[in-house]
Each structure stands twice: as structure tokens, then as C-alpha cells.
Amino acid sequence: MEKGHSNGNLPRSGILLFASNSIDSLVPSTLISQVESLLDGHRIDEAVQLADRQRRKLEENIVVDEDQADELRYVYQRIGFQCFGETMFEDAGIYLFNGEVDPRLVVSYYPHLRGSLFAADDSMDVFAGVADRLPTEVSVDDISQYSVPTVRIRPLSSLLLPFMAEASIDFNLPFHPAACSKFGTDISCDEPSQELSPHLAPNTRSAPPTVELRRILGMAAQEMLLVFLRKCRTRWKVDGSKSDHPSHAVVDTVLAKLYVEFEKTQDFYALLHEPNQIVVSEVEHLFQTTGQYSALCMLYRQRDDDPKLFELWAKLIDGTWMDEAVPDPLSDMIARLTEKRDRALIYKWGAWITKWDVERGMKLLLSQNSGKRKEKPEDDIALLHQLQGVNPDAGARYLEHLVLVKRCPIPDLHVQLAAVYLDELVDILQDDSTVKLWRAKASSYSSSRNESSFVSYFASTTPESAHKRIRLKTILFLAGSSLYDLENIRSRLIEYENILRLELAIVDGKLGNHRSALTALARGLRDGSSAEAYCILGGDVVPTGVAHTIAENSGLRNWATALFPLVTGKAGPNAAARRKVVNENLKRELLRMLVDIYIDDENGTMDAGRLLNSQAMNLDDLEIVSVLPDRWPLNVTSSFLTRSFRRALHARHEGKIVKTISAGQNLETKERTWLILREDGMTLEEAVEDENDGSYDEKALTEKVAMQLGITANLGSHPTEKVDWPPRS
């Protein structure tokens with residue numbers, strides 16, 4: 001008896017037989033010996049009854065002896081594996097569960113479910129007596145050789161030493177003892193008895209009856225395993241077993257496979273929604289081949305495996321895979337990206353999303369630029385190129401964001417955006433209905449008298465449409481930016497000069513082609529308002545106020561804010577252009593040029609009259625009068641002439657008033673200086689001989705003396721010689 005081992009569980013005897021050389025005792029059989037004897041005689045039911053009776057006795061105890069509990073576990077495991085080896089799978093599952101066998105040992109008999117869950121250095125605790133009698137050469141799928149974990153034998157107790165031994169069994173090598181020993185006769189379980197061979201064609205392995213039998217037994221074995229593993233998992237939850245035990249991952253993974261194979265959808269998703277240790281790499285292929293993409297998404301989410309999760313969603317979105325359980329993978333992807341706030345992931349997948357949903361993809365991407373963190377220009381350019389490769393429309397919108405919202409003063413971006421707008425305009429002009437509408441708008445404007453500019457008329461009278469928005473964006477950009485390639489844009493606009501006169505005038509104005517721009521405005525569009533604004537602003541066709549009004553009414557606020565900044569607002573890269581001071585000489589030159597254009601135009605009489613009346617202050621009256629054609633009726637210029645004459649007369653009278661006031665001030669000065677001169681006298685100077693023979697002009701002399709005295713009074717006191725004046729005789 002080992003030291004420290006309790007003898008309470010040893011068999012007791014009341015009879016001792018003394019002999020000359022020995023002492024014998026009549027000892028009752030132990031539970032293990034009785035069960036082993038019954039199993040050897042294939043009396044499984046009696047062995048079960050004996051084990052159940054012992055279990056009930058233990059359950060009645062308040063404190064359970066651990067040795068007795070191990071003894072009962074050993075018995076149930078022996079019975080369970082005995083049934084397992086004899087294909088009594090349902091009973092085997094019950095007894096193996098009662099014996100609390102390590103689930104990995106049972107799973108090792110299912111190679112197609114086991115997969116790569118076991119490594120070569122994995123180990124588990126197994127009773128030595130159980131390990132000696134494992135059905136090692138039998139598997140539910142008829143595979144004779146396979147790898148299972150190495151088993152470390154734990155002795156039950158010193159009481160069980162006769163039935164167990166300390167041993168190390170390598171399950172990487174097959175066991176050789178016969179596994180299906182029945183009634184003392186070795187019968188191989190690999191296939192039915194050879195005595196049946198003559199009656200089964202072509203052989204016992206491939207004959208239809210035996211194939212069907214194997215299929216039925218395989219199904220029964222898997223059903224047993226499913227029930228067994230589910231009960232094990234339930235017991236762990238009740239007992240509060242730690243989830244980091246190696247067997248938990250095996251149980252959860254194999255359960256997931258079985259649920260999928262048996263199409264137990266409800267149980268399957270219940271397992272996924274609970275905390276689990278499923279090994280994703282083991283179930284990926286199965287889930288993909290069976291179409292369980294929703295389950296795979298859940299696992300990737302739980303493991304935070306975002307790269308694989310997004311790849312899976314991408315295949316569901318592009319139609320490579322289909323799963324009704326994932327009705328809107330695109331929304332799921334966007335929600336996940338929004339939740340993670342990972343800039344790298346958003347830039348990678350946000351650009352890809354624009355291929356399927358430009359609006360939400362751009363919203364996701366632009367949300368990264370709304371914070372305080374500023375992106376590097378090279379990062380913006382890289383993302384722009386990526387978007388342009390995936391979806392040109394998305395690329396154009398991001399380009400607008402860089403130019404109009406982030407205010408990037410990079411000329412190349414302005415060049416690209418101008419080209420994009422012009423390409424869109426050219427595409428629109430291929431539509432005859434749009435061309436007719438725009439021609440009709442231009443004709444209607446030129447044939448009627450309008451106080452507003454053509455661009456204001458076009459924006460207010462044209463029905464809302466995509467082509468209207470594109471043209472307004474183009475007009476505002478061409479007028480507000482000066483960083484695009486003017487010559488290139490002009491060369492492209494020339495082809496559509498009859499339709500895009502306003503756009504061409506804007507570019508000509510920036511290039512300094514003032515006569516061409518004014519001719520297009522005054523004679524082509526009959527847009528006197530824009531032509532006059534052009535002259536006043538020194539070459540700008542669209543005033544800031546007009547631009548803001550159009551943008552506000554057309555939903556283009558970013559264009560006005562960025563390209564036409566107000567003086568009190570936030571300045572953009574073109575703010576200086578909006579606040580520039582127009583040279584007065586240039587203004588008069590442009591106005592004079594516009595008058596000449598109206599004079600040369602037979603139909604420009606009324607427009608010229610309005611211009612003369614509004615800009616008379618900036619025109620030379622005599623010059624204008626000299627060039628007025630004789631054919632113009634007097635009522636056209638009467639207002640201009642009347643106001644000009646009145647202004648000239650006003651200036652003349654004003655001059656006379658100023659002259660008279662000055663003369664009065666001079667007389668007052670003379671009056672005051674005369675008394676001072678009389679009292680203080682003056683400094684005499686040697687007379688200069690002249691033609692007057694010594695005579696002098698007393699009045700002139702008096703004025704000079706007064707001026708001298710005034711200077712002296714201002715500069716302070718100076719010593720002077722007092723003299724009498726006029727000299728006394």
C-alpha cells in the first residue's frame with residue numbers, strides 16, 4: 001500500500017486462511033474487475049447496470065470521493081469504447097459522456113472532421129486500461145491509418161494498478177491489437193466476415209449492400225458525435241469551464257462542421273452567436289463550398305479579421321458568391337469601415353465601393369478629410385489616381401473636393417478639373433435636344449430686353465437638369481480660377497463657339513483678348529450687362545455677387561465660396577483676383593472699346609445708349625461726341641449729351657465760384673497787410689535802374705511788403721531796421 005493512500009476504498013474481507021507459507025483471504029471483486037469481466041464476456045448491459053448502480057450510490061453522498069469518481073469514469077469509458085468498437089454508436093456516446101472522456105479522443109476517429117486540429121505534439125490524459133483497449137484500427141470512415149494526438153497515460157490510483165500501467169502511447173502509429181474482439185474470436189471490423197465474400201459481388205468492400213451499410217453506420221456515428229459534443233459544450237457552460245482549454249476549440253469547430261453537414265441552421269447560428277472557439281481556418285473551405293457566407297462573416301467579425309471580411313463582402317457584392325442571409329453586403333461593408341475608422345482600410349475599400357455606389361463611397365472617403373488632421377498632398381494625389389482608375393465619376397468628384405473644398409492651389413489639379421468639365425460639356429453637346437434648348441435660350445435672351453446677365457437668365461429659366469448643372473459649374477470654374485491651361489481650353493471651345501460664346505468670352509478675357517471677349521458678349525449674346533461688367537472689372541465676365549446668387553440657387557455653394565470669395569469671408573487661392581483694384585486707364589480703354597463695338601453694330605444703338613448713360617463719368621465727352629454716327633437718333637444720346645453738358649456747365653460754374661472766393665481772400669489779405677506795412681515800415685534795397693526812371697508801383701510794392709511781413713511773422717522775430725514809409729522829404 002502506498003504511503004498516504006486511504007484504504008477506505010479497498011475491498012474488505014472477514015475470512016482469513018492461515019497456511020504454513022501464506023495467508024489467504026476471500027476478497028470481493030472490485031467494480032473495475034467486475035466490469036472488465038462482463039465486457040470480456042460481451043455482457044455490456046450487465047456492465048452498464050453495474051456502473052449505473054455505482055453512480056447512483058455516489059450521487060447520494062454529500063462528498064464524493066475522487067478515487068471512486070475516477071473509478072466510475074474509467075468504467076464508463078471502457079463501456080463507451082467497447083460500444084464504439086462494435087458500432088453501437090448511440091450507446092457509445094452516452095457512456096463516453098458519462099465517463100467524461102476528453103472529446104478530442106473521440107474526434108480523432110473522424111478524420112474528415114478532425115482536419116488539422118491536432119498537432120504532432122498535442123497530448124491528453126487517458127486511463128491506461130482504456131488506452132490499451134481503444135479500437136485503434138477502426139474509424140467511422142474505414143481508414144486504417146491516420147494521425148491522432150500523442151496520449152499521456154495517467155494512473156487511476158494505486159488501487160487500479162493491476163488494471164492500468166504508466167505508459168506513453170504514440171497515436172501517430174497504428175495500434176495492432178484486434179479492436180472488435182467478440183466472444184473471444186478475433187473478427188476484423190474493416191469489412192464483414194470473409195465467409196460472406198462468395199455471396200457479395202464483386203467483393204465485400206464495394207458490394208452495394210455493404211456500401212449502404214457503411215453509409216448508415218457513418219451517419220449514425222456522426223449523429224452520435226454531434227449529440228456527444230453538444231452535451232460536452234453544455235456541461236462546460238454549466239460548470240464554468242475555462243474557454244482556453246484545447247478541447248474547447250476542437251469541440252466548437254467540429255460542432256460547426258456537423259451542424260453545417262446536417263443542415264441544423266438554428267443550432268448552427270446559436271453556436272455562432274455564443275462565445276466560441278471555432279478555428280476559422282478549419283471551417284473556411286467548408287463554409288465556402290456550402291454557401292455559409294453569412295456564418296463566415298460572423299466569424300471574421302468576431303476574430304477582427306477585417307482583411308478577409310472585406311474580401312468576402314467584395315465577392316458577395318460583385319456576384320462571385322451569393323447568400324440570401326447577407327442581403328446588403330455593401331451596407332455592411334460601409335458600416336464596418338465607419339465603425340473601425342481605419343484610414344488605410346477606408347482609402348483602400350472606399351475607392352472600391354465607388355465602383356458600386358458613388359454617393360456612399362465618396363461620403364465615406366470625404367469623412368476622413370473632415371477632421372483637423374490634414375492630408376499630405378501626395379496622399380491626396382494618390383487617392384485621386386486610384387479613384388480615377390476605379391470610377392472616373394468618383395475621380396471627378398474627388399478632384400472637385402480637392403480644388404473647391406480643400407482649396408489645393410496645385411495648377412495640375414485645376415487643369416484636370418477644367419478638362420473634366422469640358423469633356424462633360426462636349427458629351428452633352430452630342431445630344432441634339434440639349435443643343436436646341438441652349439440655342440433657344442440664347443435666342444430668347446438676345447431678342448428680348450433683359451436687365452440681368454445671360455448667365456443669370458440661363459440659371460433662372462432653364463429647367464433643373466444634369467446638363468444645366470454641368471454648364472453652370474463650368475462657367476463658374478472658368479470664371480473663378482486662373483490656374484488652368486487657358487490656351488488649351490480656348491482651342492477646344494472654338495469648335496463650339498456658336499453655342500458656348502459665354503465660356504469662350506470668359507477665357508478670352510483671362511487671356512487679354514478684350515475685343516474678342518467684348519464682341520462675343522455685346523454682339524454674340526447681346527449681353528450688355530456682362531459686357532459692361534467686363535469693362536468695370538477689368539476683364540471679369542461674372543461678378544462676385546452674380547456668382548454667389550447663381551450658386552446659392554443652384555446648389556453650387558462650394559464653387560462660389562472657393563472661386564469667388566467675399567472680402568469678409570475666408571480667402572481662397574483666387575481671393576486676390578476677386579479683390580484686385582482695376583486700373584482706371586484700363587477701365588476707360590475697355591469702355592471706349594465697347595462703345596466702338598456698338599457703333600460698328602447696326603443693331604447696337606440701344607445698347608450703346610444704355611452704356612453711355614451708365615458710364616458717362618468714365619468716358620470722354622468730346623471724344624464720344626466726335627465718333628457718334630449720324631444715323632443714331634437724337635433720343636439715344638440726348639440723355640448722355642444733356643448730362644454731359646450739365647456736368648461741364650457745373651464744373652465751369654464751380655470754377656468761377658472758386659476763383660471769386662480766392663479773389664475775396666486775396667483782398668482781405670491786402671487789407672490786413674496795409675496797416676502792418678504802415679506801422680513797421682520795410683527794408684530798403686538799392687534801386688535797380690530800369691526803364692521807369694526811378695518810378696515805382698506803390699500797389700505792387702505794398703503787396704510784396706505784405707508777403708515779406710507774413711513770412712517774418714511765421715518764422716519769428718528778426719532784427720529789422722525801422723524806416724519811415726513812405727519817405728519823408
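The structure is a predicted model, in which local features need pLDDT of at least 70 and side-chain atom pairs count only at pLDDT 80 or more, whereas totals for chains, interfaces and linings use all residues. Residues are numbered from 1 along each chain as its sequence is written, and side-chain values use heavy atoms, with hydrogens and water left out.

The chain holds 34 helices and 5 strands, these being DSSP runs numbered from the N terminus (helices H or I, at least four residues; strands E, at least two). Of the 729 residues in the chain, 43% are buried, where buried means under 20% relative accessible area, exposed over 50% and partly exposed in between (1.4 Å probe, protein chains only). Among the contacts in the chain with a separation of 6 or more, 63% are accounted for by residues 24 or more positions apart, a contact being defined by heavy atoms within 4.5 Å.

Two helix pairs are described here. The axes of helix α15 (residues 343-353) and helix α16 (residues 358-366) come within 8 Å and cross at roughly 160°; axes are lines fitted to C-alpha atoms, for helices over the stretch in contact, and angles run from 0 to 180 degrees between N-to-C directions. This angle makes α15 roughly antiparallel to α16, since angles over 145 degrees count as roughly antiparallel, under 35 as roughly parallel, 65 to 115 as roughly perpendicular and the rest as oblique. The contact involves Ile346, Tyr347, Gly350, Ala351 and Ile353 of α15 together with Gly361, Leu364 and Leu365 of α16, and its residues divide into 6 nonpolar, 2 polar and no charged. In this classification Ala, Val, Leu, Ile, Met, Phe, Trp, Tyr, Cys and Pro count as nonpolar, Asp, Glu, Lys and Arg as charged, and the others, Gly among them, as polar.

For helix α9 (residues 246-261) and helix α10 (residues 265-273), the axes come within 8 Å and cross at roughly 150°, which makes α9 roughly antiparallel to α10. On the α9 side the contact is made by Asp252, Leu255, Ala256, Tyr259 and Val260, and on the α10 side by Asp267, Phe268 and Leu271; by class, there are 6 nonpolar, no polar and 2 charged residues.

Aromatic pairs number 17, with rings of Phe, Tyr and Trp (its six-membered ring) taken to pair if their centres lie within 6.5 Å, and with planes under 30 degrees apart counted as stacked, over 60 as edge-to-face and the rest as tilted. Tyr74 and Phe127 form an edge-to-face pair, at 5.7 Å centre to centre and 85° between the planes. This pair links distant parts of the chain, 53 residues apart, with Tyr74 in helix α3 (residues 66-85) and Phe127 in the loop between β3 (123-126) and α7 (128-132); both residues are buried. The rings of Phe310 and Trp313 have their centres 5.7 Å apart and their planes at 55°, so this pair is tilted. Phe310 and Trp313, both buried, lie 3 residues apart in helix α13 (residues 306-317), a separation of about one helical turn. One aromatic cluster is formed by Phe310, Trp313, Trp349, Trp352 and Trp356.

Ile506, in helix α24 (residues 501-511), counts as buried at 3% relative accessibility. Leaving aside residues up to four places away in sequence, Ile506 touches Ile475, Leu478, Ala479, Val541 and Val542. The C-alpha atoms of Ile506 and Val542 are separated by 8.2 Å, although the two residues are 36 residues apart along the chain.
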